[in-house]
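Hi everyone, thanks for coming. Please have a look at the model on the screen, and then we'll walk through a few residues together.

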Amino acid sequence: MDEISISEFKAKCLALLEQVNKTKRPLRITRHGKPVAEVVPPTVVVDRAALMGSMRGKIEILGDIIAPAGDDDEGEDLRD
């Protein structure tokens, strides 16, 4: 992790933020050699609205999806 003094960060803030975004490497900001903050790259944001309906047209339902999977007679055999 790169370190930079707070005064230098203040002078070059926009360029340093762009650097963190491009390189995806965090940056530690120090005051008198002691860490005071860390700038980290943003996390990936998932667009949940795009997920809704994304499988439309890709699934085919075969048969009755509400009725039980087996015959009624099979259930009798398993109960014994």
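Let's start with threonine 30, which is buried, at a relative accessible area of 9%. Buried means under 20% relative accessible area, exposed means over 50%, and partly exposed is in between, using a 1.4 Å probe and protein chains only. Before I go on: this is a predicted model, where local features need pLDDT of at least 70, side-chain atom pairs count only at pLDDT 80 or more, and totals for chains, interfaces and linings use all residues. Residues are numbered from 1 along each chain as its sequence is written, and side-chain values use heavy atoms, with hydrogens and water left out.

So what is threonine 30 in contact with, leaving aside its neighbours within four places in sequence? The partners are Glu3, Ile4, Ser5, Ile6, Pro35 and Val36, where contact means heavy atoms within 4.5 Å.

Threonine 30 sits in strand 2; strands here are DSSP runs of E, at least two residues, numbered from the N terminus.

Now for the charged residues. A salt bridge puts a side-chain nitrogen of Lys or Arg within 4 Å of a carboxyl oxygen of Asp or Glu, and the structure holds 4 of them. In one, arginine 28 meets glutamate 3, with the closest N and O atoms 3.4 Å apart. That pair links distant parts of the chain, strand 2 and strand 1, 25 residues apart. Arginine 28 also forms a salt bridge with glutamate 38, at 3.0 Å between the closest N and O atoms. Through shared partners, Glu3, Arg28 and Glu38 are joined into one network.

Key:
Helices (H or I, at least four residues) and strands (E, at least two) are DSSP runs, numbered from the N terminus.
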